[in-house]
Amino acid sequence: MNTMTHHQKNFSALRKSKNINYCTDLHGLPCIEKIVSSVEDCPEPINTTIIGRIPEWINGCFLRNGPGKFEIGNQKFNHWFDGMALLHQFKISNGQVTYRSRFLSSDSYQANKEHSRIAVSEFGTVTMPDPCKNFFQRFLSRFELPKSTDNANVSFVTYKGDYYVSTESSVMHKVDPETLETTKKVDWSKFIAVNAATAHPHTEPDGTTYNMGNSYTSKGAYYNIIRVPPTKNTAEETLDGAIVLCSIPSADKAKPSYYHSFAMSENYVVFIEQPFKIDLLKIVTSRLTGKSISDCFSWDPKLNTTFHLIRKQTGEISSVKYLAKPLSTLHQINAYEENGFLIIDICASDDGLAINNYKVQNLRKSGEALDEVYNNLCRVFPCRFVLPLNVNQLTPYHQNLNNWPNSTATAIRTATNRVFCTHEDLYGADLLQYGGLEFPQINYGQYNTRPYRYFYGCGFRHLVGDTLIKMDLHGKHMKVWEQPGLYPSEPVFVPSPNATEEDDGVILSVVITPNKDKSTFLLVLDAKTFEELGRAVVPVNIPYGFHGTFNATA
């Protein structure tokens, strides 16, 4: 569809800077307050209304995760990332779809429910001392280290064939994908020496899984590459056999970089150390100062970005460091090796300030106040870095080592073990009017770590995705699905049976309708044409979520 509303036309005012950043001057953004409204869960499956056609070959559960409760008693969470995890299941079989949802039975959720108040601090919300304690007890509680939340509201992930829900703490929850019931709490720190792990692991075709997690020691902060074996020896096993493949010291011992995910090619894990910093001293003293974790994040534009390459088989860290101008990235698209280069495609912006702007109160604004929040955010766009792998004594200095045909990315050796890189844009001018792209997805099972042609994502002409986009890297052409007033979530690719081409399959996305009551729907697009095949309308309200996955059944 090619519909454009009045506020979208103002993207003609969008201007390009020397880096990735684009500035906007949009006016008249519609209010999306209901996207961050609390809902009740729906633990028993309910039928949906099918419009169009759901292909009968799709059999399985589309699982989604995200915040679903933003108030506890008379207290409100401050940040979008703080809401209590609500798990969703769209069960697809023989062209029909049922829906169910269930709040994650985390310790945080149970404590909040028991006390009818926010009892555990979250990313942007600090819990107040228990009013049932006396003054002296409340005073002493200010000196305690903040308790880590287990509110795993970011994604569904798999280890050894089991499903877990995860956030960026040390705790995950094992979940039954059929019932969404929480079956086991699993703590990374019980298996390896890490304090937390990401919610975006990478999985090899054989099931071996890689992840990253921080550790904090007397010598400073470290970034750890984690490897989890592909299979279980017993039915009860979880992360047994996990190892730390290597540890990378933080450039600043007291201020490690924040990272939401990482990239992986056939032979390497790629960690991007960005100048988006976490102040550990502020975190340690946060109970005393009343600061939230989000208050301990800062952006330092004076620092470069560093790409670290780690060999997956040995854990060897490359002595060559690949530097770039300051950038911020939450999600990587893909990475692969070809002709002596490592190509890494990411979604990036020029600063890391966006996260702190996603406060619940900002998402609930309207009029000029809403426009101001959006226009102050740095736009995110897809870009490519080309890293030369064979840098040695004979490698020349001060000239572009990237000899890829038609590539505008550069890689220039500036010192013995330093290569300074600039990116190539992975889009044409037509993406500008859609506000950039985030939540990138590919045909992961067949093309992760391999050369590929297509990726999918959400266009961001609002604080959340308002279009779905298919990008073709051959010519940087794009297809778009959009309808006014509808807000699609992360697109997930599901391949067709016996697929012969990269885009043989469908795209699944949950579309939120904040201006209509109980009309959220699961959208199914033909991934090749990007035309709508059908939708399953759900008779309940669903908040806008984060990440999901498809669990196929035979």
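**Nonpolar cores**

I looked up the largest nonpolar core: it has 56 residues, and Trp 80, Phe 90, Leu 463, Trp 481, Leu 508, Leu 522 and Tyr 544 touch the most other members. A nonpolar core here is a set of buried Ala, Val, Leu, Ile, Met, Phe, Trp, Tyr and Cys residues joined through side-chain atoms within 4.5 Å; buried means under 20% relative accessible area with a 1.4 Å probe, protein chains only. Strand S36 (residues 505-512) gives the largest share of this core, 6 residues; strands are DSSP runs of E, at least two residues, numbered from the N terminus. I noted another core apart from it, of 23 residues, including Val 380 and Leu 473.

The model is predicted: local features need pLDDT of at least 70, side-chain atom pairs count only at pLDDT 80 or more, and totals for chains, interfaces and linings use all residues. Residues are numbered from 1 along each chain as its sequence is written, and side-chain values use heavy atoms, with hydrogens and water left out.

**Phe 90**

I listed the contacts (heavy atoms within 4.5 Å) of Phe 90. Leaving out residues up to four places away in sequence, Phe 90 touches Gly 60, Cys 61, Phe 62, Val 97, Thr 98, Tyr 99, Val 510, Leu 522, Val 538 and Ile 542.

**Sheet**

I traced an open sheet of 4 strands, in the order S24-S25-S26-S29, with antiparallel pairing; two strands pair if DSSP finds at least two bridges between them. S24 and S29 (424-425) are the edge strands. S26 (residues 381-388) pairs with S29 over 2 bridges, and Cys 383 has Asp 425 as its bridge partner in S29.

Note on methods
Buried means under 20% relative accessible area, exposed over 50%, partly exposed in between (1.4 Å probe, protein chains only).
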